[in-house]
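Notebook open, model loaded. I wanted to look at one helix and then at some charged pairs.

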Amino acid sequence: MFEHFGLKDVFVGIWKYKWKILIASVLGTVIIVAICALFPFKTEKIDLDVGNVSELQMKTVSFYLDYKGTGESVTSKSLSAAFLATMNDKECREYTADLVLDKYSKKDIAGFMGNGVTEASITTNSLAQYVFSTTDEDKFAIKLTARTSDEAFTETLLDAYMSWFKQVAANAGSQVNVVELSRNEQVVSIDNSNTKTLMEKQQWSLTKVAALAFVVCVLLSVIGAFFKILFAPTLNRKSDFEAVGLTVLGEVSIKERN
Amino acid sequence: MGEKKSYKLSKEEKAKGQIEYATQLIVEQARMNGWKQIGFTTSSKSDRALKTIAECVKELGKKDELETQILETLTQYPKNVFEAEKCDTVVFVERYAYCMYSELETCLELMKKHNVSVLGVITYR
C-alpha cells in the first residue's frame with residue numbers, strides 16, 4: 001500500500017474528490033448552521049448594557065479582610081480569594097439585586113439607563129455586570145468597582161455588594177472583619193459606537209459559524225479523502241503501470257462524458 | 001487580408017493525434033506478429049474510452065482484416081477471460097487516478113493464469 005504512495009498521489013487524489021469534498025463541506029456547513037439557527041448558543045455579553053449614555057459614573061471601594069482567629073493557614077490573602085469567589089454565586093446576585101430593587105424600581109433603572117436597557121432586560125444577572133472586582137498586587141486588598149450611568153445608583157450597587165461581603169464575614173463566626181481602606185469616584189467617558197461594535201464582534205453570528213464550519217468541513221473532507229487514497233491506492237503515472245509489468249503504448253486524452 | 005494562421009494545435013487536434021499514434025502502434029504490432037484479433041479490456045467500470053480505442057484500431061486495421069473485441073472488466077466478469085483466451089493479444093485501457101492497484105493486479109493475475117498475452121496499456125486522463 002505505502003510503497004505506491006507519494007506527494008503526487010495525495011494531490012491527484014484530492015483533485016479527484018474535489019467535487020465530493022466541496023459538496024460534503026457545503027452540506028456539513030448547511031447542517032451546522034441550521035442546527036445553530038434552531039438551537040442558538042446562549043452567549044454572555046461581556047460589555048455593559050449602557051444604552052446610549054456617553055459617560056459612566058464609576059465608584060471604587062478598597063477594603064481588606066482582617067482575620068482575628070487563630071488558624072495559621074487562614075490569611076487575608078486566602079480569605080480574599082474565597083470572598084471574591086462568592087460574587088459568582090446565585091445567592092450573591094439575588095441578595096444584592098434585592099437590596100438594589102428595594103431602592104429603585106426596574107422602571108427607574110430603565111429610565112436613567114436610556115435606550116437599549118428595558119425593564120425586561122433588568123434581572124439579577126444583568127445587575128451583576130455593573131460590578132467587578134480586582135485585588136492589589138500582593139492579593140491582600142480587594143477593590144470593588146461599580147459603574148453605571150447614574151451616580152446614586154452606582155453608590156447603591158456598591159453598598160449592596162459591600163453589605164454582601166459583610167454578611168459573608170458575619171457568617172464566618174465573627175472572626176473576619178471587613179476593613180474599608182478608601183473610596184474614590186470618577187467619571188469615565190465612553191465611545192458608544194465603539195462599544196456597540198465591540199459587542200457585535202463578540203457575538204457568535206451565523207456568518208461566523210458558517211465560515212468556521214465550512215473550513216472545518218473542508219479539512220475533515222480532505223482528511224477523509226486522504227485516508228481513502230491511502231487505503232485504496234490508484235495508478236497515477238506512467239511509471240506506476242510499468243512497475244506492474246505493463247508496457248505503456250500511449251497516453252491519450254479522452255473525455256469520459258460528452 | 002488573409003486569415004490569421006494558428007500554429008498551435010488545439011486540444012481536440014492533440015487528442016486525435018495521440019489516439020492515432022497509439023492505435024497505429026497496435027496495428028503495426030499486429031501486422032508484424034500476424035495477429036487477427038485483439039481484445040480490449042479495463043480493470044475499472046468505465047467503457048467509453050475502451051470503445052473509442054477499439055473502434056479506432058478496427059478502422060485502421062481494416063486492410064489487414066484485424067478484428068477487435070471488447071472484454072468488459074475482468075474484476076466484475078471473470079468469465080471474460082475465456083473470451084480473452086481466443087484473442088491473439090489483449091490491450092488494457094486505463095484511466096489515471098481511477099485505476100486501482102488491487103483491481104489491475106487481479107486482472108493481470110487472471111490473464112497470466114490463462115496464458116493470455118498482454119500487449120500493454122493505453123492510459124488516459
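My entries on the helix and the salt bridges follow.

This is a predicted model, where local features need pLDDT of at least 70, side-chain atom pairs count only at pLDDT 80 or more, and totals for chains, interfaces and linings use all residues. Residues are numbered from 1 along each chain as its sequence is written, chains are lettered from A and ligands numbered from 1 in the order in which they are written, and side-chain values use heavy atoms, with hydrogens and water left out.

**Helix α2(A).** I looked up residues 18-38 of chain A, a helix of 21 residues (helices are DSSP runs of H or I, at least four residues; strands are E, at least two; both numbered from the N terminus). Which residues of α2(A) are buried? I found Ile21(A), Ser25(A), Gly28(A), Thr29(A) and Cys36(A) (buried is under 20% relative accessible area, exposed over 50%, partly exposed in between; 1.4 Å probe, protein chains only). The face turned away carries exposed residues, including Trp19(A) and Lys20(A).

**Salt bridges.** Glu151(A) pairs with Lys59(A), closest N and O atoms 3.7 Å apart. That pair links helix α7 to strand β1 of chain A, 92 residues apart. Lys59(A) is buried at 6%, while Glu151(A) is partly exposed at 39%. Both belong to a salt-bridge network that includes Glu155(A) and Arg183(A).

Terms used
The expected span of a helix is 1.5 Å times one less than its number of residues. A salt bridge is a side-chain nitrogen of Lys or Arg within 4 Å of a carboxyl oxygen of Asp or Glu.
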